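User: Hi, I'm new to this one. Could you walk me through it?

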Amino acid sequence: MTPNLDESKKLKIIDGKWLSAWILNSVRTTTKALGERHSIKPGLGVILVGENPASKTYVASKEKTAHDCGFETFDAKLPSDATFEQVSDVIERFNQDPNIHGILMQLPLPKHLDSEKLLDKIRPDKDADGLHPDNQGELMRGKGNLRPCTPLGAMRLIDLALSGVDTFRSSPTEIPPSTIPEQSLAGKKAVVIGRSILVGKPAALLLLERNATVTIAHSKSANLPELCRDADIVVAAVGIPKLVKRNWIKPGAIVIDVGINRIPETGKLCGDVDFEDVIEVAGKITPVPGGAGPMTIAMLILNTYRACLTLNGIKDE
Ligand code: NAD
């Protein structure tokens with residue numbers, strides 16, 4: 001992940017791979033218990049339209065993780081010229097299938113398909129990505145069971161950063177469940193860069209729910225570096241490689257890099273944060289890859305598990 005860092009810098013890393021393994025361990029255990037007590041297996045329905053290589057990789061990784069946790073998966077792979085009605089029919093079939101508890105429609109869809117209209121057709125109680133307007137409305141109200149995965153993952157990364165758990169020296173299996181509680185962010189200033197429905201806006205609402213004082217910055221914001229310098233927590237969800245620099249960050253701040261960008265010259269992935277530069281001043285920072293990415297998948301699995309409990313009328317397991 002970050003082989004050339006000295007130990008003091010390694011200790012600053014918020015390890016998304018470690019945290020997702022820790023969360024998925026506990027999902028695996030509770031899924032086993034669910035099967036033994038109620039003969040129920042969580043089911044994830046996956047819709048992939050077209051041949052986008054990144055989407056194919058993400059879907060394969062999500063399905064593998066679901067299987068590793070003891071879930072069943074249900075595939076619908078449609079050609080890139082699939083019609084709105086064809087995708088809609090699959091959503092309807094998944095909505096009706098009692099073995100499917102979470103539905104994931106991998107985005108982006110080919111341009112001729114209206115993603116929003118299709119997302120609206122997913123049953124809100126099976127909306128594993130938390131993108132249905134009912135679930136987004138619930139989030140606005142500070143309620144709801146299914147929240148968008150990437151911002152949820154970002155929140156848990158902040159929890160890990162504040163928990164004091166040493167992920168550098170301990171394996172996820174050594175740390176008992178509930179050791180990384182949801183933290184209050186009262187009195188802390190947070191800046192979210194980006195205002196998309198997928199990441200920026202829900203991340204801001206989740207931070208607000210934890211009592212942080214939140215600023216949402218975006219492409220039309222003035223003095224972005226200055227806004228960020230005031231923050232105890234910076235969440236970057238922009239899509240511009242290495243936009244955030246060292247002099248944007250208050251010493252000791254927590255930096256969550258949601259961006260996934262491919263550098264054309266090298267083909268390597270990088271985030272929206274200039275990691276090598278920013279780690280010099282940040283208190284804690286997520287790497288790319290290995291930060292927000294694995295957590296998005298873990299939260300998809302957790303959402304599907306939660307939806308499975310709700311759909312089966314089970315309180316908690
Ligand atoms: P988006 O294009 O929908 O939104 C980008 C946001 O950045 C916009 O709100 C825009 O106002 C803002 N922005 C653009 N230029 C800016 C600038 N110069 N200064 C400040 N703000 C600026 O993208 P998105 O879907 O929110 O994704 C953002 C990034 O996160 C992308 O790199 C994407 O690949 C990544 N992402 C990662 C995951 C994951 O699992 N880790 C999930 C979703 C998205």
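User: Which polar backbone atom is 3.1 Å from an oxygen atom of the ligand?

Analyst: One belongs to Ile-260, with 3.1 Å between its polar backbone atom and a ligand oxygen. Ser-219 also places a backbone N or O atom 3.1 Å from an oxygen atom of the ligand. For Arg-195, a polar backbone atom is 2.8 Å from a ligand oxygen. A polar contact here is a pair of N or O atoms within 3.5 Å; within protein, one must be able to donate a hydrogen and the other to accept it, and residues adjacent in sequence count only if both atoms are side-chain atoms.

User: Good to know. What sort of model is this?

Analyst: This is a predicted model, where local features need pLDDT of at least 70 and side-chain atom pairs count only at pLDDT 80 or more, while totals for chains, interfaces and linings use all residues. Residues are numbered from 1 along each chain as its sequence is written, and side-chain values use heavy atoms, leaving out hydrogens and water.

User: Back to the ligand: which residues come nearest?

Analyst: Arg-195, Ser-196, Val-258, Ile-260 and Thr-296 do, out of 21 residues around the ligand. A residue is near if one of its heavy atoms lies within 4 Å.

User: How do the residues of that shell divide?

Analyst: Into 10 nonpolar, 10 polar and 1 charged. Ala, Val, Leu, Ile, Met, Phe, Trp, Tyr, Cys and Pro count as nonpolar, Asp, Glu, Lys and Arg as charged, and the others, Gly among them, as polar. Helix H11 (residues 292–311) gives the largest share of the shell, 3 residues. Helices (H or I, at least four residues) and strands (E, at least two) are DSSP runs, numbered from the N terminus.

User: New topic. How do the axes of H2 and H7 cross?

Analyst: The axes of helix H2 (residues 16–38) and helix H7 (residues 149–163) cross at roughly 100° and come within 11 Å. So H2 is roughly perpendicular to H7, a label for angles of 65 to 115 degrees. Axes are lines fitted to C-alpha atoms, for helices over the stretch in contact, and angles run from 0 to 180 degrees between N-to-C directions.

User: Which residues make the contact?

Analyst: Gly-16, Trp-18, Leu-19 and Trp-22 of H2, with Arg-156, Leu-157 and Leu-160 of H7. Contact means heavy atoms within 4.5 Å.

User: And where is there a cis peptide bond?

Analyst: The bond from Leu-107 to Pro-108 is cis, with omega near 0°. Pro-108 sits in the loop between strand E3 (102–105) and helix H5 (115–119). Val-288 and Pro-289 are also joined by a cis peptide bond, with omega about 0°.

User: What is phi of Ser-39 near?

Analyst: Near 55°, a positive value in a residue other than glycine. Ser-39 lies in the loop between H2 and strand E1 (43–49).

Technical notes
Parallel < 35°, antiparallel > 145°, perpendicular 65-115°, else oblique.
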